[in-house]
Amino acid sequence: MTEHPRRLDGLEINPVEDGFMIYQGERDRVHYLNHTAVLILELCDGRNTPARIATLLKNAYGLSEAPEKEVTETLVKLTEEGLVRHAALNRTRSRSAPKKRGRQRWHPKRS
Amino acid sequence: MAPEEILSSVDPSRREFLKKVIAGTTFAVPLMASFSMEGLSVESAWASNVTTNQPLCSNMTGSPCCTLAVQIAGVIGLISFQVVEALGSGFDGVVGFEILGRYVGFDGKGGVGASPEVIAALLGPLAKAQSDMTEGVRIGKGTCDNDAARAQFSKAARDLAKFKQRVIELCGADSDLSQELLRVADILISFIGDLVAGKCSGPI
């Protein structure tokens, strides 16, 4: 089972000096994020895992190690603030499950 | 910075924005500060320690937002003083004092505290935050509710977020002192959130 964080749709991310501001009207919250935090948020597209995000940051910035701890902590904050949701996907079953559901729905067994 | 891999990993519709995010940047510790736009009650712990019903300058009249902004600026200055007083030993030799009415540790005299470099690193973002607040008042044209002033106040909130980050980096997150500084910074950020939202009805 792997978590695939996904940012909320429709977030308005506004650049300000030294970072970005997000106004979340429905929660009446304002968030300030620096560029790394916004990068992590942007990579939360429902496909990347936290480990993958850390690896992307490592490669992009030429780091010696993937910043997994920093990514995890940021994802926790983003989740707590409701900017990110976690979709749990199981890759080993994801290919077969739709077929199974399809068969059940469209080809029910005859008794 | 080699953004190709990271750009190819996101939806094409987000790539232009992502390019702007990563242009010319180096890795920095991710930083996020959130604050509510809801007004804090004056009964909050912070307010109970600093409440005043009088404007800071009684011979001046001003808008509620400008008054709140300048109060926040004043309180930031107070925190700066408290940081020096709590971590340094330059006043009466007693290291460790109260911050906002609460004892924060380090009882004993001299020898305990932080280096001047650490204290300076903590004071830096506080000074910027205070400067941003006063600049916001200056460009607020008497009301402090225009976009320019709000942007300036938002910068102050960011500086306070940096202050929090430095507290954690330099002092850890677990000490009484750190907890108190983080708590007060959070409350101030919340007040700035009120200010940015135009909710300036009550004094701190």
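Start in chain B and select B:K141, which lies in the loop between α5 (116–139) and α6 (147–171) of that chain. You are looking at a predicted model.

**Stop 1: a loop in chain B**

Check the backbone of B:K141. Its phi is near 50°, a positive value in a residue other than glycine.

Now select B:C144. This residue is found in the loop between α5 and α6 of chain B, too. Phi of B:C144 is near 60°, again positive in a residue other than glycine. Its surroundings are next. B:C144 has 28 C-beta neighbours inside 10 Å, so B:C144 counts as buried.

**Stop 2: chain A as a whole**

Move to chain A and colour by secondary structure. Follow the chain along its sequence and the pattern reads β-β-β-β-α-α-α-β-α-α. Chain A has 111 residues, and 32% of them count as buried.

**Stop 3**

Which order do the strands take? They form an open sheet of four strands in the order β2(A)-β3(A)-β4(A)-β1(B), with antiparallel pairing. At the edges stand β2 (13–16) of chain A and β1 (32–36) of chain B. Each has a single partner strand, so one side of each is left without a neighbour in the sheet. On average, neighbouring strands here are turned by 25° against each other, direction ignored.

Zoom in on β2(A) and β3 (residues 19–24) of chain A. How many bridges join β2(A) and β3(A)? The two pair in the antiparallel sense over four bridges. Pick A:P15 and find its bridge partner in β3(A), A:F20.

**Stop 4: helices on the sheet**

Show α1 (residues 35–43) of chain A. This helix lies across β2, β3 and β4 (29–33) of chain A together with β1 of chain B. Helix α1(A) runs at about 110° to β4(A). Then show α7 (residues 176–196) of chain B. Helix α7(B) packs on the sheet too, touching β4 of chain A and β1 of chain B. The direction of α7(B) makes about 60° with that of β1(B).

**Stop 5: helix α2 of chain A**

Select residues 50–61 of chain A, which form helix α2. Which residues of α2(A) are buried? Among them are A:P50, A:I53, A:L56 and A:A60. Finish just after α2(A), where A:G62 takes a positive phi of about 65°.

Methods:
Residues are numbered from 1 along each chain as its sequence is written. Chains are lettered from A and ligands numbered from 1 in the order in which they are written. This is a predicted model: local features need pLDDT of at least 70, side-chain atom pairs count only at pLDDT 80 or more; totals for chains, interfaces and linings use all residues. The expected span of a helix is 1.5 Å times one less than its number of residues. A residue is buried if 20 or more other C-beta atoms lie within 10 Å of its own, exposed if 12 or fewer, and partly exposed in between; C-beta atoms are placed from the backbone. Two strands pair if DSSP finds at least two bridges between them. Axes are lines fitted to C-alpha atoms, for helices over the stretch in contact, and angles run from 0 to 180 degrees between N-to-C directions. Two residues are in contact if their C-beta atoms, placed from the backbone, lie within 7 Å.
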